[in-house]
Amino acid sequence: MKKSYALCIAISCFLFAVENFAQLPFPYVDNLCYTERYVENVRVSSQLNTSTLTLRDKLRFSEKSFEKKHHEYMKTGKYPVHDIVVRQWTKTYPKWYRVADQIRLDESGVRAYFHTSNAYLPGGWSGSTYSTTEHGFYGTGERAGEGRFYHQNHSEQSFFAYNQQRSSVALYGYLEKHRFFYPTTDMLTSLTKQGYHVLQNAGLIQISSAEVRITWRITEKTIFREYFTNGVLVKSILTKYKFHTSFGQDLKVSETETTPDVLENGDCIEIVTEASFIDYSTACIDEIDLRSMKEATDSDQVNILPNPASDQILLILPDADEGSEISISSTAGQPMFRQNVRSRSVQVDVSGFPEGLYIVTVLQGAISFTSKFIKN
């Protein structure tokens, strides 16, 4: 067994043995929501020869980003489920790609739901021309409003990982994988006997081998992972934690991953991804109820839920790379609402609107879309 693999097993033991954590007890949480914001950039790590950059090289310098809403919960009290809704993105996906409205990981595998179509794809969505693929299958939701989906069953490896997570969540809840942890003296003694180099002083613990080095800075609440191949650094990940009063725990707030790479012209760069984690909560309210959402027949329209409405409406917008300008007016032309957004879904308070018919206009670049709703 390689040392790096043995170390990974040892580290994972921390996640399944709470008595080994040098931490205070933490509350059991089986329903957790949080938001992930991700940005990917290219950083130049040497003198860049711009005159020899290829088109593909230049495209790599475009900043990519997305925002996801996560909801982790227990189904029927024993099966962990992880729902992900992509709320907005920039340059992360090609324009022809239909982003799933919701991705769900549960005991059966991974399922991606598609409630809107894409004018760039034959048949309107990514599964329209396929019934099965090498890895999974396409189908229609069993319940009304679930729409179309692509489902991939668990592999042997992913099913093993899922069962490990199931055991952990059943015992400790969802906070465990998000909170700051570090090895105890007993764990360090065990790793030393296995041949790992262990460094420990006031506020710092470090475990290292030829392939991996992990550093815990206790007072700073950070974990720094470095991975090596033949003595060369191939990836580093810095995870930071912050104390959350509502949970009484230090929870993950950011993760920065740096990977050295080479452009087609031979110049060296680094791919730097930064993810931030905010809005941890147990009061989980889904932004979009995908099971009751009406299916759209075309991606180039504005969907309004509910309609008619009395208090709040949810606007689901067409695809846009550069954002949208939303305006709402009465049929008489009186302006009621205006806002610039970079999200595909926008909540609008219409409780103060007089009863009647309203027109929603969405401007995306030179293209505009309109729809109507009734205020009752």
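Me: Why is R60 called partly exposed?
Reply: In this predicted model, R60 has a relative accessible area of 25%. Buried means under 20% and exposed means over 50%, so R60, at 25%, is partly exposed.

Me: What makes R60 and D261 a salt bridge?
Reply: The closest N and O atoms of D261 and R60 are 2.6 Å apart. The cut-off is 4 Å between a side-chain nitrogen of Lys or Arg and a carboxyl oxygen of Asp or Glu, and therefore the pair counts as a salt bridge. D261 lies in strand β13 (residues 249–262), whereas R60 is in the loop between α2 (55–59) and β2 (64–75), so the pair ties together parts that are 201 residues apart in sequence. D261 has a relative accessibility of 29% and counts as partly exposed.

Me: Is K177 buried, exposed or partly exposed, and which class does E72 belong to?
Reply: K177 is partly exposed at 39% relative accessibility, a value that lies between the limits of 20% and 50%. E72 has a relative accessible area of 0%; buried means under 20%, so E72 is buried.

Me: How do you know that K177 and E72 form a salt bridge?
Reply: Their side chains meet at 2.5 Å, N to O, and the limit is 4 Å. K177 is in the loop between α3 (156–172) and α4 (185–193) and E72 is in strand β2, so this pair ties together parts that are 105 residues apart in sequence.

Me: Why do E257 and K235 count as a salt bridge?
Reply: Their closest N and O atoms are 3.7 Å apart. A salt bridge requires these atoms to be within 4 Å, so the pair qualifies. E257 lies in strand β13 and K235 in strand β12 (residues 232–244), 22 residues apart. E257 is partly exposed, with a relative accessible area of 25%, and K235 is partly exposed at 31% relative accessibility. The structure holds twelve salt bridges.

Me: Why does K375 have no salt bridge?
Reply: The nearest side chain of opposite charge, E355, is 5.7 Å away. A salt bridge requires the atoms to be within 4 Å, so K375 has none, although K375 is buried. Its place is in strand β21 (residues 367–375).

Me: What makes the approach of K375 to F353 a polar contact?
Reply: A polar atom of the K375 side chain lies 3.1 Å from the backbone oxygen of F353, and the limit for such a contact is 3.5 Å. Among the other residues that K375 touches are A309, S310, V350 and Y358.

Me: What makes β15 and β19 edge strands?
Reply: Three strands form an open sheet in the order β15-β16-β19, with antiparallel pairing. β15 (303–305) and β19 (345–349) each pair on one side only, and they are the edge strands. The twist averages 25° from one strand to the next.

Me: How do you know that β16 and β19 pair?
Reply: Pairing requires at least two bridges, and β16 (residues 312–316) and β19 are joined in the antiparallel sense over five bridges. I313 stands opposite V348 in β19.

Me: Which class of accessibility does N230 belong to, and why?
Reply: N230 has 79% relative accessibility. Exposed means over 50%, so N230 counts as exposed. N230 lies in the loop between β11 (222–229) and β12, and has a positive phi of about 55° although it is not a glycine.

Me: What is the phi of K91, and where does K91 lie?
Reply: K91 has a positive phi of about 60° and is not a glycine. K91 lies in the loop between β3 (79–90) and β4 (102–106). At 38% relative accessibility, K91 counts as partly exposed.

Notes:
Residues are numbered from 1 along each chain as its sequence is written. This is a predicted model: local features need pLDDT of at least 70, side-chain atom pairs count only at pLDDT 80 or more; totals for chains, interfaces and linings use all residues. Side-chain values use heavy atoms; hydrogens and water are left out. Helices (H or I, at least four residues) and strands (E, at least two) are DSSP runs, numbered from the N terminus. Buried means under 20% relative accessible area, exposed over 50%, partly exposed in between (1.4 Å probe, protein chains only). Lys and Arg count as positive and Asp and Glu as negative; His and the chain ends are not counted. A polar contact is a pair of N or O atoms within 3.5 Å; within protein, one must be able to donate a hydrogen and the other to accept it, and residues adjacent in sequence count only if both atoms are side-chain atoms. Contact means heavy atoms within 4.5 Å. Axes are lines fitted to C-alpha atoms, for helices over the stretch in contact, and angles run from 0 to 180 degrees between N-to-C directions. Lists of a residue's contacts leave out its neighbours within four places in sequence.
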